[in-house]
Amino acid sequence: MITKGIRGAITVDENSETAIKNAVLELLGEMFRKNDLKEENISHIIFTVTDDLNAAFPAKFARLDMGLTKTAMMCYNELAVPEALAMCLRILVVANVKENFVPEFVYLKGAENLR
């Protein structure tokens with residue numbers, strides 16, 4: 001097995017706990033589905049949000065609603081680059097996978113323009 005990162009991003013409708021929760025569950029759920037991920041293969045997950053999203057910690061919903069209680073997770077602010085995409089949540093899942101694994105990155109809603 002080797003370790004690989006799987007990227008994903010989604011725009012969030014508003015700066016509210018509910019909107020952040022919905023975005024996390026949609027994006028992380030899709031990342032897990034498309035890459036056939038299981039918690040036992042996850043090393044850690046990094047969440048970043050733009051400065052305009054501060055109503056909740058994204059990792060909270062991965063733990064409470066997806067049951068990822070044994071996975072190390074951290075939340076950070078995204079670098080505030082002028083004219084960058086606003087209201088954006090990004091996720092990096094670092095997983096232990098087979099050597100021939102090809103990650104499928106997931107970009108949803110307004111974040112589709114990132115890739």
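**View 1. His-44 and its partners in the sheet.** In strand E3, Ala-72 is the bridge partner of His-44. On E4, His-44 faces Val-94. E2 (residues 42-49) and E4 (residues 88-97) are antiparallel, with seven bridges. E2 and E3 (residues 72-77) run parallel, with six bridges. From E2 the chain passes through helix H2 (residues 58-64) to E3, a right-handed β-α-β crossover. Strands pair if DSSP finds at least two bridges between them. Helices (H or I, at least four residues) and strands (E, at least two) are DSSP runs, numbered from the N terminus. A crossover is right-handed if, with the strands pointing away from the viewer, the path from the first strand over the helix to the second runs clockwise.

The model is predicted: local features need pLDDT of at least 70, side-chain atom pairs pLDDT 80 or more, while totals for chains, interfaces and linings use all residues. Residues are numbered from 1 along each chain as its sequence is written, and side-chain values use heavy atoms, without hydrogens and water.

**View 2. The salt bridge of Asp-13 and Lys-109**. Their N and O atoms lie 3.9 Å apart. A salt bridge puts a side-chain nitrogen of Lys or Arg within 4 Å of a carboxyl oxygen of Asp or Glu. The whole structure has nine.

**View 3. A salt-bridge network.** Glu-30, Arg-33, Lys-34 and Glu-104 are linked. Within it, Lys-34 meets Glu-104 at 3.6 Å, N to O. Lys-34 lies in helix H1 and Glu-104 in the loop between E4 and E5, 70 residues apart.

**View 4. Arg-7 over Phe-105**. The charged end of Arg-7 is 3.9 Å from the ring centre. The criterion is CZ of Arg or NZ of Lys within 6 Å of the ring centre and within 35 degrees of the ring normal.
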